[in-house]
Amino acid sequence: MEDSWANSDRGEARSATANGLGADLHLDLPRGGTSGVRAALIRSLRDAVRSGRLAPGTRLPSSRSLAADLGIARNTVADAYGDLVAEGWLTARQGSGTRVARRVVPPEPAPPRTPPAAAVAATRPAYDLRAGSPDVSAFPRSAWLSAARRALTAAPSDAFNYGHPSGRPELRRVLADYLARARGVRAAPERIVICAGFIQGLALLSRTLHRDGHRALAVESCGLDIHWNVLRRGGLRTVPLPVDGRGARTGELDRLTDVRAALLTPAHQFPTGVALDPDRRAAVVEWASRTDGLVLEDDYDGEFRYDRQPVGALQGLDPERVVYLGTASKSLAPALRLAWMVVPDHLLDRLLAVKRTGEWQSGALDQLTLAEFIASGAYDRHVRGMRLRYQRRRDQLVAALAERAPQVRVTGIAAGLHAVLELPPGTVRSVLQGAAWQGLAMEGLNRYRYREEGAPAGGGSEPDALVFAYGTPPDHAFAGALEALCRVLP
């Protein structure tokens, strides 16, 4: 049925006063066809209820009466009423007519307050030198885009369906070759499980171990609290294992009650930067074999070694007692959310059973892109280029401190993206305060001391020291960050 509105003057919007409402209710309808008038009527009535012009319980005119007032078809009004009843704005009962629903209508939300740009800038550090992130400005956008195009063109149809919990076979095949060549990892593609970041892999492992009867897990006494908390939420009690200049003191594992698993960073202990001593590497593998235990190997910064070839993965010593965990977060960018585990045969099925229980999948297209990126040689080229870039920054840091702050000892610089700056006793607090005044975001070594969940950071017996992430700033900002650092050192 064609509205009488369609035959009216199309150059003007319609406004009508609905009879029987006690007060004038102006409904402004724009020009247009039936569907446009109906939508406008719904919107106008909804606004009238929301604003309070139509109070709860108010009886509305009949569809015939309102249609006559507005000069539109009765069916248009009836359909609008029906939609608003379905949405909960109106109620309609036989013999009672159509009324405004008795409901609390929340006020219109206030527009979000946008802080002034100056205030935002004042809260943001000029240089973020906290460990944990690479130079994300160096992400190889063009090479990644080219790999994505090739991967998408060649992708099989099943890549666009729900995937297998292990991840795309193309990426697992490429990773098996790469890890064997670059990290000395012994793995078939079937034993590789793709995760959405290292944290997700750790969460999967903690839940799997808890199901297998593990109740406690050893962690290094200096590390990241987010890792400890993930393990705890998986049902495991964390027990600190001391760390010294030769890495974790793995010989003390036998003294830890009910511990048959350990999380270690053998290639580059975080944050001290030392590699696990060869004797201690052998000792932890022997311990795991003797106790039917397991070692979770976090290959932190394993690809960025400057004084020699990267130290091979611990997993190569005993693939059935070591779970290898690697990630693209440092080599490429954290935003990719791509990591991988090489899982012992006896653990694989149980871990995949846990992975199937939740939203544990990684995006298939990003997996295919990374597979192509590695297979084409672009990944190796990027890692080599970043290794040289980070090494230059490390050398600039060492040279600047030797000249301007010779009393500061630099350690942990054989690998990785950060250094530990050992300060004169009693100075770390004032240096961190001065750094904040200079716009430097940095953290002291005490920040990474083991603590129970919820306990405040710091307060340990570690020496006064800073953790300086020279790998995080973009190239154009590094000189300024280094200059600001030298100004605040004692």
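User: How many helices and strands are there in the protein chain?
Analyst: This is a predicted model, in which local features need pLDDT of at least 70, side-chain atom pairs count only at pLDDT 80 or more, and totals for chains, interfaces and linings use all residues. Residues are numbered from 1 along each chain as its sequence is written, and side-chain values use heavy atoms, with hydrogens and water left out. Helices (H or I, at least four residues) and strands (E, at least two) are DSSP runs, numbered from the N terminus. The protein chain has 14 helices and 19 strands.

User: What percentage of the 490 residues count as buried?
Analyst: Buried means under 20% relative accessible area, exposed over 50%, and partly exposed in between (1.4 Å probe, protein chains only). Of the 490 residues of the protein chain, the buried share is 50%.

User: Among contacts between residues at least 6 apart in sequence, what share joins residues at least 24 apart?
Analyst: Contact means heavy atoms within 4.5 Å. For the protein chain, the share is 72%.

User: What is the volume of the largest pocket?
Analyst: The search uses a 1 Å grid over the protein atoms alone. A cavity is a set of points where a 1.4 Å probe fits but cannot get out; a pocket is an open set with protein on both sides within 12 Å along at least five of seven lines. Grid points are joined across faces, edges and corners, and a volume is the space filled by probe spheres set on the points. For the largest pocket this volume is about 560 Å³.

User: Which residues are the closest to the centre of the largest pocket?
Analyst: Lining residues have an atom within 4 Å of a point. The largest pocket has 32 of them, and the closest to its centre are Gly132, Phe198, Tyr300, Ser329 and Lys330.

User: How many residues in the lining of the largest pocket are charged?
Analyst: Ala, Val, Leu, Ile, Met, Phe, Trp, Tyr, Cys and Pro count as nonpolar, Asp, Glu, Lys and Arg as charged, and the others, Gly among them, as polar. α6 (169-183), α7 (198-211), α8 (225-233) and β13 (322-327) each supply at least two lining residues. The lining of the largest pocket has 13 nonpolar and nine polar residues, and the charged ones number 10.

User: Which elements give two or more residues to the lining of the second largest pocket?
Analyst: The second largest pocket holds about 250 Å³ of space. Its lining counts 15 residues, with Asp244, Thr272, Glu422, Leu445 and Pro463 nearest its centre. The elements are β9 (243-244), β15 (409-411) and β16 (419-422).

User: What is the volume of the largest cavity?
Analyst: The whole structure has three cavities of 30 Å³ or more. The largest cavity is lined by 14 residues, with Glu220, Gly223, Leu224, His227 and Thr265 nearest its centre. By class, eight are nonpolar, four polar and two charged. The volume of the largest cavity is about 120 Å³.

User: How many residues of the lining of the second largest cavity are charged?
Analyst: About 40 Å³ of space lies in the second largest cavity. Its lining includes Gly132, Tyr300, Asp301 and Lys330. Four lining residues are nonpolar and four polar, while the charged ones number two.

User: Why does Asp135 count as buried?
Analyst: Asp135 is found in the loop between β5 (127-128) and α5 (141-154). Beyond its neighbours within four places in sequence, Asp135 is in contact with residues including Arg389, Tyr390 and Arg393. Asp135 counts as buried because its relative accessibility is 2%.

User: How far apart in space are Asp135 and Tyr390?
Analyst: In sequence, Asp135 and Tyr390 are 255 residues apart. In space, C-alpha to C-alpha, Asp135 and Tyr390 are apart by 9.1 Å.
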